[in-house]
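Please keep the sequence and the structure in view while reading.

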Amino acid sequence: MGAPAARAAWDGGKRVLLAAPRGYCAGVDRAVVAVEKALDLYGAPVYVRKEIVHNKHVVRTLQARGAVFVDETDAVPEGAHLVFSAHGVSPAVREAAKARSLQTIDATCPLVTKVHKEAVRFARQDAEILLIGHTGHEEVEGTAGEAPDHITIVDNPDVADRIEVKDPDNLVWLSQTTLSVDETMETVRRLRQRFPNLQDPPSDDICYATSNRQVAVKKIAPEAELVIVVGSANSSNSVRLAEVALDAGARAAHRVDDAGEIDDAWFEGVTTVGLTSGASVPEVLVQEVLAHLRERGYGAVEEVTTAMEDLQFALPTDLRRDLKAGGRRSLPVTPV
């Protein structure tokens with residue numbers, strides 16, 4: 001997560017409350033490292049289906065090293081190396097890659113894979129699955145593709161009020177891993193009002209990193225007139241962080257890709273700025289925002305920590321095998 005910010009005594013002047021945890025989660029770190037090591041091992045180009053993670057800076061950096069991002073498998077030359085993004089893919093995508101003899105590296109976050117397995121298991125029990133998530137998001141498309149005849153997408157709490165089901169007594173809900181915890185629970189509450197026998201997933205589907213970052217931003221938001229969230233517009237968990245900050249009491253909250261998108265007009269009348277970043281954001285971008293804030297007088301920085309994260313995921317199996325065969329040690333993913 002980078003070096004912790006130095007604590008500074010607050011004298012009533014301008015300050016920054018820096019949320020922790022923030023930035024890279026274990027699944028993002030694993031996916032990014034997988035592409036980097038694939039480029040080292042196989043050489044450029046290495047193809048990646050969709051964005052490896054939802055962050056413009058990460059995508060541009062990997063492109064500069066030789067990664068080629070494509071929308072679908074038919075854009076990849078037969079026999080080439082293709083990385084599946086951290087968001088996961090449907091069985092149909094896997095079959096399409098196999099038909100083109102692509103050498104695939106599955107960088108799906110293990111926590112997303114867990115939801116896929118839940119969908120398959122409940123579908124085998126012939127249960128109807130209500131998948132809470134955003135229509136069109138890659139993760140939702142991948143999960144829904146595991147059991148398309150059994151899954152209905154519930155996009156938001158209002159949809160829960162009008163959705164129709166076939167058998168209310170054989171019904172289960174699952175969710176996208178990067179949603180707002182509060183909004184998801186509101187959706188479940190409304191669903192259960194209509195369908196009292198709705199089953200819960202065996203464990204939380206919203207990932208630890210999403211939940212931890214939301215708890216941290218809730219801690220700083222009530223004291224901050226302005227909260228800045230570093231993260232890209234297509235990053236669901238980053239967008240949710242800005243929403244959570246507003247709900248938790250921040251006077252204003254803005255999501256930016258980097259320091260260059262900050263508007264100085266936001267700082268009028270602001271003494272305390274809250275700062276956090278989404279789970280696909282490298283720490284260097286946060287440090288650049290801190291430098292930007294220092295130039296504007298926000299020199300006192302207090303890191304507000306609500307949880308410690310040390311989870312690591314091993315690199316994808318096929319990549320580890322090839323690294324070993326190539327005489328290169330498969331290094332563990334950097335702790336977050």
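## The second largest cavity

The second largest cavity is lined by Ile132, His134, Asp155, Asn156, Leu179, Ser180, Glu183, Thr184, Thr187 and Arg240. The model is a predicted one. The space in this second largest cavity comes to about 50 Å³.

Which helix gives the most to the lining of the second largest cavity? Helix H7, residues 181–194, does so, with three residues. By class, the lining of the second largest cavity is made up of five polar, three charged and two nonpolar residues.

## The largest cavity

In total, three cavities of 30 Å³ or more are present in the structure. The largest cavity holds about 260 Å³ of space. Its lining consists of 23 residues, and the closest to the cavity centre are Cys25, Val28, His87, Thr177 and Thr178. Rolling a probe the size of a water molecule over the atoms shows where such empty space is left.

Four helices each supply at least two residues of the lining of the largest cavity: H1 (26–42), H4 (110–124), H8 (208–220) and H9 (236–247). The largest share, three residues, comes from H8. How do the residues lining the largest cavity divide by class, and how many are charged? There are 11 nonpolar residues, 11 polar residues and one charged residue.

## The three-stranded sheet

Three strands form an open sheet in the order S7-S6-S8, and their pairing is parallel. Strand S7 (151–154) and strand S8 (171–175) are the edge strands; each has a single partner strand, so one side of each has no neighbour in the sheet. On average, neighbouring strands of this sheet are turned by 30 degrees against each other, with direction ignored.

Strands of a sheet pair through backbone hydrogen bonds, either parallel or antiparallel. Here, strand S6 (residues 128–132) and S7 run parallel and are joined by four bridges. Leucine 131 has isoleucine 153 in S7 as its bridge partner.

## Helix H4 and the sheet

Which strands does H4 lie across? Helix H4 lies across S6, S7 and S8, and runs at about 165 degrees to S8. H4 is also one of the helices that supply at least two residues each to the lining of the largest cavity.

Note on methods. Residues numbered from 1 in each chain as written. Predicted model: local features only at pLDDT ≥ 70, side-chain atom pairs only at ≥ 80, totals over all residues. Heavy atoms only, no water. 1 Å grid on protein atoms, 1.4 Å probe; cavity = no way out; pocket = protein on both sides within 12 Å on 5 of 7 lines; lining within 4 Å. Points joined across faces, edges and corners; volume = space filled by probe spheres on them. Nonpolar A, V, L, I, M, F, W, Y, C, P; charged D, E, K, R; others polar. Pairing = 2+ DSSP bridges. Axes fitted to C-alpha atoms, helices over the stretch in contact; angles between N-to-C directions. Contact = heavy atoms within 4.5 Å.
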